[in-house]
Amino acid sequence: MKLTRRLFTVHSWLGLVTGLFLLLLGLSGSVLVFRHELDQFANREVLTVKLPTQIVAHPLARCYQTITSRYPNLDGIAWLNPDAGPTDAYDFRLYLNDARLFTYDLGLISFDPYTGTILREGKSADFTPSYIEWLFQFHFSFQLGVPGAAITALFGLTMLASLLTGLVIYRKMIWKVLTFRARINRKNWRTISSDLHRIVGVWSLLLNAVIFFTGFWMNLFAFETKTWRTEQMPTKSNTPMILPADVLYRQARRLMPDLEPSYVYLPTQPERKFSLRGALKDQWTLWGTGNSVTLDQQTGKLVQMSRLSELPFGERLEATFFPLHVGNYGGLPVKILYVLIGLTPGLLAVTGFLLWWRRTRKPVRSASVKAISMKPVNG
């Protein structure tokens, strides 16, 4: 009993201290599950382009050239939608660096690939390119740069600790909840909050643990000394690729024809390499971007080619972390489930606060009742 009481105290304080932040992480995560769909819906007029009457040569190279000329000091560029349709704009992520620790320097720029016209442009710290892009950066860093990314990672750990302590505290309720024998007592707000906390906590336990652990793991870079040091160092001037980006892209596709790219990295610094990452045809998207082709940016020679099936178990497991975190591996039903699960940290924080509030007020009410019962009655 003493251990359970202590765990309950830890469980309560974890929820009280981090509840608001977990609420924000959960809500933003729920929105970001449909990140691409919402971005397309909100910016359809901007991101839909007209088909040209003539074939355009090297549209990717033209976008790359425009970006490197507009941003002469870049850490790199990523083509975010290599699966774009013929009427879709090309979206690129810009890896910027203003040498400030508390700003995470991502940017977004979209092009009409046929005309080279810039359709939208801006930093992810602003709403200019897209509110979804702002929310994405807020979700993993609270818009506080590398320290913010470290903070969100720590909140991932606190949520895991909260889940584990809750698992021990409510262990006798788990089977009852899973077999639908647990009911919500609607007697008053206290019983409702108590039962909701237990039932929602049990049903969301496993998936919340997966989501918060993978979020923590993906933000581990924020605890590396190198990350903090390089974030405060101005980026060197660009060293543009000699070969056109379209040539490198087609060459990488030829080397691994069954690869369906979901991410293309375009280097701007001499030590970086051109790379494609994605799933193989007919491969479950849960395996994420575990397959890749890497080329030398100046010569086009193959540097490395790796297939998920050939990687060590640890790397294969890690390849699932991003899909497991964002819920893009099972179609619409899984996405809807992730939206609902994203709401549970906030609900647990609110119901947990109500439980704590009830327990702290009990002694006061008990003392009052006791005082009244001891009060002499005037005859």
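Which helix holds serine 162? Serine 162 is found in helix H6. First, the whole chain.

What you see is a predicted model. The chain averages a pLDDT of 89. Of its residues, 95% score at least 70. Among the elements, strand E1, residues 76-79, has the highest mean pLDDT, at 98. Helix H13, residues 331-374, has the lowest, at 76. Then look at residues 364-379. There pLDDT stays under 50. For that stretch the model has 2 contacts beyond four places in sequence. Where pLDDT is low, the predicted coordinates should not be read in detail.

Now the overall build. The chain has 13 helices and 8 strands. Its C-alpha trace spans about 105 × 40 × 40 Å along the principal axes. There are 379 residues, and 45% of them count as buried. Next, contacts between residues at least 6 apart in sequence. Of these, 63% join residues at least 24 apart.

The chain exposes about 20,800 Å². Carbon and sulfur atoms supply 64% of that area. As for charge, there are 42 positive side chains and 25 negative ones. The centres of the two sets lie 19 Å apart.

Back to helix H6, which runs over residues 145-169. Is serine 162 buried or exposed? Serine 162 counts as buried, because its relative accessibility is 12%, and the cut-off for buried is under 20%. Leaving out residues up to four places away in sequence, serine 162 touches His11 and Leu14. Beyond its neighbours within four places in sequence, threonine 165 is in contact with Leu7, Val10 and His11.

Next stop, helix H10, residues 245-255. Which residues of H10 are buried? They are Ala245, Asp246, Leu248, Tyr249 and Ala252. These residues lie on the same side of H10, because they cover an arc of only 165° around the axis. What do they pack against? One partner is a helix, H4, residues 59-70. The others are strands E1, E5, E6 and E7. E5 covers 259-266, E6 covers 274-280 and E7 covers 291-295.

Now a strand residue. Arginine 93 lies in strand E2, residues 90-95. Arginine 93 is buried, with a relative accessible area of 6%. Which residues does arginine 93 touch, not counting those up to four places away in sequence? The list includes Gly76, Ile77 and Ala78. It also includes Arg35, Leu106, Glu133 and Phe136.

Last, phenylalanine 321, in helix H12, residues 321-326. Phenylalanine 321 is buried as well, at 9% relative accessible area. Its contacts beyond four places in sequence are Phe213, Thr214, Trp217 and Met218.

Note on methods:
Residues numbered from 1 in each chain as written. Predicted model: local features only at pLDDT ≥ 70, side-chain atom pairs only at ≥ 80, totals over all residues. Heavy atoms only, no water. Helix = DSSP H or I, 4+ residues; strand = E, 2+ residues; numbered from the N terminus. Buried < 20%, exposed > 50% of the residue type's maximum accessible area, 1.4 Å probe, protein only. Contact = heavy atoms within 4.5 Å. Areas by Shrake-Rupley, 256 points an atom, 1.4 Å probe, with all protein chains shown as cover. Lys, Arg positive; Asp, Glu negative; His and termini not counted. Charge placed at Lys NZ, Arg CZ, Asp CG, Glu CD. pLDDT = per-residue confidence, 0-100. Arc of directions from axis to C-beta.
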